[in-house]
Amino acid sequence: MLGLTPTNYSILDADDTDVLEFLMFKNVSGTGKTFVHAKNCEYLGDYKEHESCEQTNCGRFHAAESMRSGTISMLRKGLTTLGLVGDWDAEKATGNPVSSVAVNQYQLMIREEQARAGVTQKSAALLMRDDIIRLLQRMSAWLMDPSLTQDERYEMMRDMAYIAVVFATGKRCDDIANLLISQMVRFPDGSGIMFGFQFGKTLRDGSRQMFGVKKDDITPEVCAVRLTDDLDNFANKA
Ligand SMILES: [Zn+2]
């Protein structure tokens, strides 16, 4: 960014060097959760930090996959909405500086470095059907507690319906929290509910994801339709 002083510099002037510097800064800032051992560290392939790691320059970094799908892709999208579209052209200084050869190479380098150090991409812990059944059974039992206030009872039933709908549709809790009553429609024969998700963490461009959920008579404890109906009845009575 030669010749530009901080006062006349805007985000639209950023070039791919700025993006690279930002990514490198973020990677070494110590905010990452993935521990990567250096090639000459005796604990190479291990997940934990050891005392001798200080001498070998091992450190905590951002996992390559979260760097790619989180930081880099979000930054690219953000700059696109500001009008920086297309591949970065270094000579003309046009396009999206995140879509540049250098940024792409940096991302690949991090991925290779972590793969070489034996880092595996961790995914979120799985919550299996049996866990959900046990959780909702426990919550049903808590609901029997006569000392619960009206509000506590409502919150418990709401959370149970949330969990069941999240489990039935595979959606995020965040998506359910953004669901409007008008986006839920009962099947005419009462056998289920149609959910029309329109806003959430990964859903914000105005498109819609529809899920039809039918009654579960075999495991009624986790039936999203029954628990939503229960909440609805309770709210109508209250
Ligand atoms: Zn180490």
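Tutor: Start with Phe197, which lies in strand S4. Helices (H or I, at least four residues) and strands (E, at least two) are DSSP runs, numbered from the N terminus. Before going on, note that this is a predicted model, where local features need pLDDT of at least 70, side-chain atom pairs count only at pLDDT 80 or more, and totals for chains, interfaces and linings use all residues. Residues are numbered from 1 along each chain as its sequence is written.

Student: Is Phe197 buried, exposed or partly exposed?
Tutor: A residue is buried if 20 or more other C-beta atoms lie within 10 Å of its own, exposed if 12 or fewer, and partly exposed in between, with C-beta atoms placed from the backbone. Phe197 has 19 other C-beta atoms within 10 Å, so it is partly exposed.

Student: Which residues is Phe197 in contact with, leaving aside its neighbours within four places in sequence?
Tutor: Two residues are in contact if their C-beta atoms, placed from the backbone, lie within 7 Å. For Phe197 the partners are Lys171, Asp175, Leu179, Leu203, Arg208 and Gln209. By contrast, 48 Å separates the C-alpha atoms of Phe197 and Glu54, which are 143 residues apart along the chain.

Student: How do I read the sheet?
Tutor: Strands of a sheet pair through backbone hydrogen bonds, either parallel or antiparallel. Two strands are said to pair if DSSP finds at least two bridges between them. Here three strands form an open sheet in the order S3-S4-S5, with antiparallel pairing. Strand S3 (184-186) and strand S5 (209-214) are the edge strands, each pairing on one side only.

Student: How many bridges join S4 to S5?
Tutor: There are six bridges between S4 and S5, which run antiparallel. In one of them, Met194 has Gly212 in S5 as its bridge partner.

Student: What is a nonpolar core?
Tutor: In soluble globular proteins, nonpolar side chains tend to be buried together. A nonpolar core is a set of buried Ala, Val, Leu, Ile, Met, Phe, Trp, Tyr and Cys residues joined through C-beta atoms within 7 Å. The largest one here has 16 residues, of which Met160, Ala164 and Ala224 touch the most other members. Helix H5 (150-169), strand S4 (192-197) and helix H7 (224-237) are the elements that give two or more residues to this core. H5 supplies the largest share, seven residues. Not counting residues up to four places away in sequence, Ala164 touches Leu136, Val222, Cys223, Ala224 and Leu227. A second, separate core has six residues, including Val19, Leu79, Val98 and Val103.

Student: How do I read a helix?
Tutor: An α-helix has 3.6 residues a turn, so residues three or four places apart point the same way. In H1, the buried residues are Asp16, Val19 and Leu23. Seen down the axis of H1, these buried residues fall within an arc of 55° (taken from the directions from the helix axis to the C-beta atoms), so they line one face of the helix. They pack against helix H2 (64-81) and helix H3 (101-116). Glu21, Met24 and Phe25 are exposed on the other side of H1.

Student: What about phi?
Tutor: Look for positive values. Just after H1, Gly30 has a positive phi of about 85°. Asn57, a residue other than glycine, has a positive phi near 65°. Asn57 is in the loop between strand S1 (34-36) and strand S2 (59-61).
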